[in-house]
Amino acid sequence: MTNNISDFLIANLEKEIEEGMTIVQGTSTFIPLIATKLAQKGKKINLIGGFMMNPDINPIIPSTFSSYNYSNGKSYLGLSGFLDMLQNKKVDLEFLRPAQVDEFGNINNTVIGEYKKPTVRLPGGMGVDDVMTFIKKIILYIPNHSRKVFVKKVDFVTAHGWDKGKGPDKIITNMCVFEFPNKKVTLTAINPEYTIEDVKRETGFKFRISADMKNMIVPDEEMKKRIQESDPLNIRDLEIKEKREEVLKKFR
Amino acid sequence: MKNMKIIQLNQIKDIITSNSTIAIGGFTINRKPISIIKEIAESDTNNLSLYTLAGSLDIDLLVEKSKVKKVMAAYVGYEGLGISKIVRHAVESGGIIFEDLTEILYYLRLRGGAAGVPFIPTSSIIKSDIFKINPACKKIKDPFTKEELCAVQSINPDFSIIHAQKADRDGNILIDEPDFCEKEMAQASKIRIFSVEKIVRKLKPREITIPSQFVDYIIPVKKGAYPTGCYKNYSPDIKYILNHLAK
């Protein structure tokens, strides 16, 4: 891939953030953190970051809940203030990153294998089922589209999908975009560097193909420059396996 | 005036008892009561159940010393810095029980405990597998709308341990940043222990996050959260944490 994956995802996530939306920053999701920072510059949005209202984002600590990453917060919500807003359906958008996702958009961030004696214990899902239940628009993003992530059936339902209620609205990956018209997983856009055959090869379930297939955004030099200026420490690349060490070196 | 006591770190071992449930404040590598945790790790206490939203080094230090029976959390890890190999290994080998929470589950159990009600309903959780594995979740019908909901059982932890930026001499606590339900945590818990960066003469009423009514012990300890961060005092020591993870 000639394009930097995190920059490519940031450009495609930023597009989803619409004027007037209230968006919440999740745990350990650094690619959305930078996409939101870009969106804050051009669009009027409400951001809940570090459980503050409308802070500026200064990505310097590899923890999305370090208050040091935010400044000029207009008020403090705290966790309870945020969760009360959430349950009252006052939050419009969050980006989530699943370890596994299936054809219904069920997410697993808990365990691989049996719950009580797992082969792999994952860090845990934080509030993914809470936000799936109450947030208007949930977008999953996946930097490493593969059959390891896209499975026929998730080992554990950390957050529910379209077979049980309202699931995620979109899945945006390094290869393509899936949406769920009529609750059916459907390929709607593709990274021009890949083919539909590539996507099929890397996806563990069958999907529909939209009659109106679009190309995903490929960030131009100007966009890449804006992203780099927003994230000079390359915190966004902590989510890219091959680049993690390079970023962490700056902190060692 | 409330009967709050100012104590020293080495008195922790005489307060925390085995087989108890301990709620821990903070979030991943932010404002974790690490100085208190280290005292517990070195004490004779064992068979502990831990309750926290998002754990990291706090959980690792206690699991490493075989103090833990059960971890109740929505997340254990170091965010961008990496996973907890210690907890991962302990769960995969059956050494400890991990009982997953969601954020709402974590919050409502404490809120119910703080308010003195047996449970609080929510429409979250019920469609996820966390509903199936967490014994604090049961199906209930809304008596008004007949909607099916998840009843979340309240919790009253035996202890809560929380690090805060400031206390005053009357025993009031200031958490000087958005909190992670530490107020509900202190209200719900039986014995509340705080480490603080600084004790000031008097906090203004509107500066008080947790009133002294919900405070039992205060330990003045500079850098009490180190190597996790304490906003307005020090940021997390990333280098130190990376070295811990490389072990």
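Please keep in mind that the model is predicted. Chain B splits into domain 1 (18-115 + 156-246) and domain 2 (119-153).

**Domains of chain B**

- The centres of domain 1 and domain 2 of chain B, taken over C-alpha atoms, are 27 Å apart.
- Where the two domains of chain B meet, nine residues of domain 1 are in contact with 11 residues of domain 2.
- By class, that domain 1 side of chain B has three nonpolar, two polar and four charged residues.

**The sheet E8-E10-E9**

- Three strands of chain B make an open antiparallel sheet in the order E8-E10-E9.
- Strands E8 (119-122) and E9 (137-141) of chain B each have a single partner strand, so they stand at the edges and one side of each lacks a neighbour in the sheet.
- From one strand to the next, the twist averages 40 degrees.
- Five bridges join E9(B) to strand E10 (residues 148-153) of chain B in the antiparallel sense, and B:Ile140 stands opposite B:Leu149 of E10(B).

**Helices H3 and H4**

- Helix H3 (residues 57-64) of chain B packs on H4(B) at an angle of about 55 degrees, and their axes are 8 Å apart.
- That angle makes H3(B) oblique to H4(B), and the crossing is left-handed.
- H3(B) brings B:Ile59, B:Asp60, B:Val63 and B:Glu64 to the contact, while H4(B) brings B:Ile86, B:Val87 and B:Ala90.
- Five residues of this contact between H3(B) and H4(B) are nonpolar, two are charged and none is polar.

**Contact between chains A and B**

- Chain B and chain A put 47 residues each into their contact.
- Elements of chain B that each supply at least two residues to the side touching chain A include strand E6 (75-76), strand E7 (97-100), H5, helix H6 (130-133) and helix H8 (238-246).
- Helix H4(B) gives the most to that side of chain B, with four residues.
- The side of chain B that touches chain A divides into 24 nonpolar, 12 polar and 11 charged residues.

Key: Residues numbered from 1 in each chain as written. Chains lettered and ligands numbered in written order. Predicted model: local features only at pLDDT ≥ 70, side-chain atom pairs only at ≥ 80, totals over all residues. Pairing = 2+ DSSP bridges. Axes fitted to C-alpha atoms, helices over the stretch in contact; angles between N-to-C directions. Contact = placed C-beta atoms within 7 Å. Nonpolar A, V, L, I, M, F, W, Y, C, P; charged D, E, K, R; others polar. Parallel < 35°, antiparallel > 145°, perpendicular 65-115°, else oblique. Left-handed = near helix turned anticlockwise from the far one by under 90°. Domains from an automatic or database assignment.
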